[in-house]
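Have the sequence and the 3D view open as you read.

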Amino acid sequence: MLGAYWDHNVQVNALAMSRVPGRSPAGPAPHLSMSGLTVRFGTLTALDGVSLDVRAGELVALAGENGAGKTTLLRCVGGDIAPSSGSIEVDGRSLPPDPIAARRRGVCVVWQDLALCDNLDVASNVLLGQERRRHFLSDIYLHTDAAKLFRRLGIPLRDTTRSVRSLSGGQRQLVAVARAMAYDPRLLLLDEPTASVGVQESALVEDLIMRLRERGTTIVLACHDISQMFRLADRIAVLRHGRLIAEVDPSEVHPDDVVALVSGQEVDSSARRQLTRLHGLTGRLVSSDPSSSLSLILSALGAALGSERLCIHLFEESSLVCTASLGLPAPLLSAWSRLPPGPAGGPVGMAAATERPVIEDNIRAGGTWAPFGDLARSARVASSWSVPVLGPGGLLGVITVFRGITGKPQRDDLDLATLYAGYAASAIERDRLLDEVTARNRVLETIREVLETLAGPVPVADGLSIALQALRRGLEADEVALVTQQPEGPSTCRAFSGSSPAARAGATQAMLGAAKAALARPGRDGTAVHGAGADGEWLLSVTFAAPGGRNVLAASWRHGSPSEDATNLLEDAAHSLRLALEREKALAAHQEAMTLRQSQELQRGFLRRLSHELRTPLTAITGYASSLLQPDVTWDAESQQRFLSRIAAESSRLGRLVNDLLDFSAIESGILRLQCDWCDIPLVLDAALACLPPARQPRAEAPLVEAPLVEVSCERDLPAIWADHDRLEQVFVNLLTNALVHNPPGTRVVVTAAADRPGAVLVRVADDGEGLPPDVLQAPAESVRQHRSRTAGAGLGLSIASGIVAAHGGRIELEKAARGTCFRIHLPVEMPAGPARAAAAPTPGAEAAQRRGRHERPETPAVPREVATAMGARPGA
């Protein structure tokens, strides 16, 4: 980092070399890209391999002496001359060496000589070459358009009829820029725009350039005014003898550095450079992580002194610990990792003991390096000097600089090291103060996190582990456990948090032992008690009473002892846990009462609906049967047939309701048996369509409505699935009947079947009716009762359909639709292994009966893809 960031062998200083010449910063693709651009005029090389990228909306200034190649570079981009080699691209497309082609590509140039026609007025110069037919018919249009352009660009020229010859130098420059902007270029090249104008006129030109830049115009500016570059440019590219030697950011360098680059002189390394470095170091220390402060200081000091090997020792527990180092070989770093104060610690120990710099100009002569023998020779260290780091309370540490040559450091270097030692002292004091504040904040943050966890929406049973994790971090303990002693039962670990999950079993046993010891001490509830474990670890425990028994909150430290704040923190946490356990008990009782009350309400509601559904067909059957049995009434054959048909229909309805109850009970009990075979989905859908209820007979007062349409579409080559044909038919009959019965007349139903993914089939049943709420699948019976109350039904159809699909290893989803209701039925081609597959495996006798039933079923006529069906009187199956 030191050698790369503070390199004295490059031609510019570290701040100036923030970007590599020819490479634009990472970001979007460049608007203008020049690669290896070379221009030769005979034996003269005007440009030599120039590579430069300019981003869209960026203003790049070209700096250089006369003859450096600035104007030649602009002429190449403007298409005025062809380069000898290299390429120029605008928006990723090659730019030909043609001014007209360049202008068509949005590239315009304002040359230093302006190229204005003195015999024409302002408007004629601005629109020269862009005249329209109306401009030739009347000068009014010409001057009006020129005035509009001036207003758009903010140019303070009101009289466009003036002769250009009468304008000042600054005004002529504004006219030249306006003429270029009349083409609405995306790339504007300016060649010395303020070279021959006064201060006020130069300010007008600069204001115009800034407005163009704010509008998003990409600008390349060639000039000699360094201060103007710093006012206007986003980036400065320095040319010298036809080569691009540097690209600098004006916010990171000093104008003197650019002047030095332009003239080819060595960049200043005087006090201003050191001051700039110190200002940069201050900014980095403020924004950096405290752990990296000393490394930054060493890097900056090494750059200032030109040394690549340094280290800093901090005074901790009567010894000097090497906290940060730079460039030290491993043997030296190992030997100097921890040093004692005094002569035994070498130059570092002597600097710490005397609190004065220790300079060894020739290590071979002996001196303070004597305790380390030939270590200096193997590390190629010829001289060193150690500077103490002193704070308000005394010694904080020692900075040591190593050099490969003999000799004493210059006085300025020693003063500079002392100055950086002051920065190190401030950083060390800041880090120590930050550690103290962090420790206090950790306690407060732990209490806040425990309270928020236990009082938040997370259930207490789940929040205990989270709270103990936060408590363990705040205590800096190895394990924390909550142990509960039931009134007549064993002690159990309610929650545990440890640094190693593998050690939980042993740690839990140790915590249980400590808890039993704590519970054996009477009268100590709410007070922390210190103790020692069987393996010598520190223990801290607090007992407290809560619903369900007495509890112990214990923490252990295998290495080190608890801090001063640990006792108060553990007692506060125990109080919070006691309140949380009391709240958990009260909440559990409340939830139990609410659950019982809801269960009773559901049972009563279901029984009411069930009794109504059973009573309706029974009443109809009883009424028709009693009418037929009356001895004093003789019914004709047609009436008897009608009565018997109604009795049969209501008996079927009653049977279906009983079957639904049995199916629902089997699904709820998990004993639903499936008679599986290979089934074709199109045949299942055709069978379901054939089973739809007949058209509803219109009431006398209601007009006859057009029957709704059912559209069926199946993907070709749809795989057969292993399923129960009758049960799947029952699912689709239920969904289609619901779509027809519970929607207004004229509702259209669309059924599609396609491969869902490898090994699965997706069937969608969608209608454009009134629609269902999203919670139908979650509570189908209750939702059907609430939202489809205009038709009778026990509301078991969707529950049964969901249970049947789930028994096949699939699922039903309610898809959100803009209109109507859409169900997605996912079915696997083969059911997954498990209880569902076992329940679906038919016995040989059942399988034969099922196959025999398949063949004996009368064939239904082919159902077209659009089938007219009527409103059915039967609710969801």
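**Salt bridges along the chain**

Aspartate 145 counts as buried, at 17% relative accessibility; buried means under 20% relative accessible area, exposed over 50%, and partly exposed in between, with a 1.4 Å probe and protein chains only. This is a predicted model, in which local features need pLDDT of at least 70 and side-chain atom pairs count only at pLDDT 80 or more, while totals for chains, interfaces and linings use all residues. Residues are numbered from 1 along each chain as its sequence is written, and side-chain values use heavy atoms, with hydrogens and water left out.

Which residue does aspartate 145 pair with in a salt bridge? The partner is arginine 134, with the closest N and O atoms 2.9 Å apart. A salt bridge here is a side-chain nitrogen of Lys or Arg within 4 Å of a carboxyl oxygen of Asp or Glu. Arginine 134 sits in helix H5 (residues 133-137) and aspartate 145 in helix H6 (residues 139-153), so their pairing ties together parts 11 residues apart in sequence. Helices (H or I, at least four residues) and strands (E, at least two) are DSSP runs, numbered from the N terminus. Arginine 134 is partly exposed, with a relative accessible area of 30%.

By the salt-bridge rule, the count comes to 25. Another of these joins the side chains of arginine 240 and glutamate 65, at 3.5 Å from N to O. Because arginine 240 belongs to strand S9 (residues 235-240) and glutamate 65 to the loop between strand S3 (59-63) and helix H2 (70-77), this pair ties together parts that are 175 residues apart in sequence. Glutamate 65 is partly exposed, at 36% relative accessibility.

Now move along to glutamate 711, which forms a salt bridge with arginine 748, their closest N and O atoms lying 2.0 Å apart. This pair links distant parts of the chain, 37 residues apart: glutamate 711 is in strand S23 (residues 709-714), and arginine 748 is in the loop between helix H22 (725-741) and strand S25 (749-757). Both partners are partly exposed, glutamate 711 at 22% and arginine 748 at 31%. Elsewhere, a network of salt bridges links Arg764, Arg811, Glu813, Glu815 and Arg824.

Finally, a word on confidence. The protein chain averages a pLDDT of 78, and 81% of the residues score at least 70; pLDDT is the predictor's confidence in each residue, from 0 to 100. Over residues 1-20 the pLDDT is below 50. Residues 777-794 also stay under 50. Where pLDDT is low, the predicted coordinates should not be read in detail.

Definitions and conventions. Contact = heavy atoms within 4.5 Å.
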